[in-house]
Amino acid sequence: MTPFPRPLARREFLQTGLAALVAASAVSRLWGKDEPAAPKLFSSMGIAAGVEKAAEMKAAGAEFLTESVDGLLVPDQPEADFEKKLAKLKASPLPVLACNGFIRPSHLHATGPEANHDVIVPRCEIVFRRMKQAGVKYAVFGSAGSRKLPEGFAKDKADEQFVALLKRLGPLAQDQGVTVIIEQLQAKECNYINRIGEAAAIIRAAGHPHIRMLGDLYHMAVMGDTPADLKAAMDVVIHMEIAEKKGRSVPGVSGDDFRPYFKVLKEVGYHGVISIEGSYKNPEQLANAFKEMAKQAAEA
């Protein structure tokens, strides 16, 4: 009877495995087969635009859209109106990944003395349900009017209110398979949650996996947030937005260098999405923006 071979010692096993990997690599080079390429920094690049502009955006290089809650999901309108929106979306050459303007009506207050979470939450339930139906993954919570603080209102109290609201929204978003992403806003737009570190602290306090952050490179630049600030917040960032600081234009207009921020994304292993939210003058400028983003991402 042929004896079974003896088991390899751990050192021999590791040496044998290493030799096999080296040999495989050599064979790959011998036959001219490249090793698998490293994953792209961004899994896809999109833009904030309405569904009616989807064909134009796709021609420029966009792979998805960021729409608005009121424009696509129409939570304050009956189901029949939403069904019409869905029909247009189904005919769109691009999907909608995110919707901004999460809590826009002026009577809805996330913070302050008039905070009315019991009114906000039922509306958000409609938003989440319609997001699922439309295939939308992210609800962007910028909503300056909802979270703006009146003069003299204590930030600590606002933090308590905002975290309490997010703790209610997290499970509801999870039930529909969607995520609320908090966006920092520059101070001239809103006086609450202006720095990326402030947004990260709020999200960590909420403590729910379906409450996460949108890292907006435009607002970061305006507020002076550094690549190091971005890196410190990356444990909660799952989406990025981009525009140049001057005039909030699309990348490539003024020559802003995003490579230091892109380098951070590479260092932490981010391979998520990024969306343009900026102005442009012509189709060529827009098409160049996507090329410039890809170029800087490759060079970071």
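**Barrel and pocket in a predicted chain**

Biologist: In what order do the strands of the closed barrel run, and with what pairing?
Modeller: The barrel is closed and has 8 strands. Neighbouring strands of this sheet are turned against each other by 30 degrees on average, direction ignored. The order is 1-2-3-4-5-6-7-8, and the pairing is parallel.

Biologist: Which residue is the bridge partner of Met213 in strand 7?
Modeller: Strand 6 (residues 211–216) and strand 7 (residues 237–242) run parallel and are joined by 4 bridges. Within strand 7, the partner of Met213 is Val237.

Biologist: At about what angle does helix 8 run to strand 6?
Modeller: Helix 8 spans residues 196–206 and lies across strand 5 (179–183) as well as strand 6. Angles are taken between N-to-C directions on a scale from 0 to 180 degrees. Relative to strand 6, the helix runs at about 170 degrees.

Biologist: Which residues are closest to the centre of the largest pocket?
Modeller: The largest pocket holds about 330 Å³ of space. Its lining comprises 22 residues, and those closest to the centre are Asn100, Gly101, Arg104, Glu183 and Glu277.

Biologist: Which elements give two or more residues to the lining of the largest pocket?
Modeller: Both a strand and a helix meet this criterion. They are strand 2 (65–68) and helix 6 (144–147).

Biologist: What percentage of the 300 residues is buried?
Modeller: A residue is counted as buried when its relative accessible area is under 20%. By that criterion, the buried share of the 300 residues is 46%.

Definitions and conventions: Residues are numbered from 1 along each chain as its sequence is written. This is a predicted model: local features need pLDDT of at least 70, side-chain atom pairs count only at pLDDT 80 or more; totals for chains, interfaces and linings use all residues. Side-chain values use heavy atoms; hydrogens and water are left out. Buried means under 20% relative accessible area, exposed over 50%, partly exposed in between (1.4 Å probe, protein chains only). Two strands pair if DSSP finds at least two bridges between them. Contact means heavy atoms within 4.5 Å. On a 1 Å grid over the protein atoms alone, a cavity is a set of points where a 1.4 Å probe fits but cannot get out, and a pocket is an open set with protein on both sides within 12 Å along at least five of seven lines; lining residues have an atom within 4 Å of a point. Grid points are joined across faces, edges and corners, and a volume is the space filled by probe spheres set on the points.
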